[in-house]
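Colleague: Before the details, I would like to go through this structure by question and answer. Please show it first.

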Amino acid sequence: MLPLAWQRERGVPRSSARRELDYARALMAQLARAAPQVVFSHPQRSDDHHCEASALLAAWAPGPPPPVPAGTAPAMFAGRPALAAIDDGQAPSVPAGTLLRGGAALIEAQSDCPFRAAAAYRLGAAPWPRRGEGLSPLERGQLAHLALAAFWRRVGDRASLLALDARALDATVDDAVGEALRGTAVDERRWAGLPPALLPGERDRLRRLLQAWLDAGERGRQDFAVLEIESPLTLQFAGFALRFRQDRVDRLADGSVAIIDYKSGATVAPGKWFDARPQAPQLGVYLLARRAAYPEQAVGAVAYARLAPDALGWVGIAADADRLPPLSTAASATRGALADWAAVAAAWQASIGALAQEIATGVAVVRPRDTGSTCRRCGLQSLCRIDGLDADAMGETGDER
Ligand code: SF4
């Protein structure tokens, strides 16, 4: 809105050609003084048009075109460079007596993909964390675990659960949820960084989850007593040991015990627990550890307690159909492949023992069970470079690609 004459009088940028020429000359002079040797260059063509050098360059004599640096271009374009092939599917074997980190998850990772197990639990590789709004699925799962642990520490067995009237049950659930929210899964600093509405919302979610789970999963069972909560166990393999915590162990009415693991996410059907490379072998690891630690104790059932609000219930196998309904027997879960409970233990001993042997000897090949769901859950593609592997080189892995 300022008058043009006023702008020209005061040398306002872009107010006149004269002012722009003076400015460009000053800039060129400044650039020319910037170093002992200064090279100006200009394009000779722009699309189809021939380009002249700027008049501002007339003060400098044109020199010869600079030489193309030797090395890079010929190496890139003169034929395909020779590639060296290195077989890196073998990690150092594990020194005898090592306590490996990862617990049952290490066995599961080795079964999913040997490279994943070595990368995650020996190299400490982890995918970039996904931070969304609010609590992560892991944090919410841990809170549910803590709330259930706190509840059963207060209540103890099925008879005590049934004896609680509605008011007492509400109060006990509230106490347990409060303890979980004050626990270590989500500390004060984390809560302070979250929207204030989240804490009461999470309290409400946990209350509803516990009430729904007690109705759907616990009341209708045969009598039981909660024997252990978050109990530590160690499993010794040839050459190394694993340590882990079991979510819960119940004493059943017939005196046997049930090994229980809470799962907030998806569970794998029992039939797949006995594949050559078993899926979700966690309960198998717990069973073997329990049998080794307490040989006199009969294990009558192993089960995941599914805490997904739309799919609450038990997924597992029992020695017989009455132990912890509604679980499968070995024969029904495996369509007759494993006739009885003894065959279940023997199958896990064989498959989990073979995976432990792979870990001990350092088998670390990139060999996912499938490149779909297994790799999606893993997230280490930038390290294993599975996308650069020739499909033929992967062998018969059941590759989905
Ligand atoms: S992304 Fe797939 S291939 Fe790569 S380490 Fe993970 S499971 Fe193995």
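**Ligand shell and overall layout**

Modeller: This is a predicted model. The residues of the shell around the ligand comprise 9 nonpolar, 2 polar and 2 charged.

Colleague: Which helix gives the most to the shell around the ligand?

Modeller: The shell counts 13 residues, with Cys113, Arg116, Cys375, Cys378 and Cys384 the closest. At least two shell residues each come from α5 (114–121), α14 (373–378) and α15 (381–384). The top contribution is 3 residues, and it comes from α14.

Colleague: Is the chain compact or spread out, and what is its radius of gyration?

Modeller: The chain has 15 helices and 9 strands. For 401 residues the globule rule gives 21 Å, and the chain is well over that, so it is more spread out than a compact globule; its radius of gyration is 34 Å.

Colleague: What distance separates the centres of domain 1 and domain 3?

Modeller: The domain assignment places domain 1 at 4–57, domain 2 at 137–218 and domain 3 at 229–323 + 339–365. The C-alpha atoms of the chain fill a box of roughly 100 × 60 × 40 Å along the principal axes. Taken over C-alpha atoms, the separation of the centres of domain 1 and domain 3 is 77 Å.

Colleague: Which residue in the hairpin of β4 and β5 takes a positive phi?

Modeller: Strands β4 (residues 224–236) and β5 (residues 240–252) run antiparallel and are joined by 11 bridges. Across this pair, Leu233 stands opposite Phe244 in β5. The hairpin has 3 residues between the strands, and the positive phi, near 105°, belongs to Gly239.

Technical notes:
Residues are numbered from 1 along each chain as its sequence is written. This is a predicted model: local features need pLDDT of at least 70, side-chain atom pairs count only at pLDDT 80 or more; totals for chains, interfaces and linings use all residues. Two strands pair if DSSP finds at least two bridges between them. Helices (H or I, at least four residues) and strands (E, at least two) are DSSP runs, numbered from the N terminus. Domain bounds come from an automatic or database domain assignment. A residue is near a molecule or strand if its C-beta atom, placed from the backbone, lies within 6 Å of it. Ala, Val, Leu, Ile, Met, Phe, Trp, Tyr, Cys and Pro count as nonpolar, Asp, Glu, Lys and Arg as charged, and the others, Gly among them, as polar. The radius of gyration is taken over C-alpha atoms; the globule rule is 2.2 Å times the number of residues to the power 0.38.
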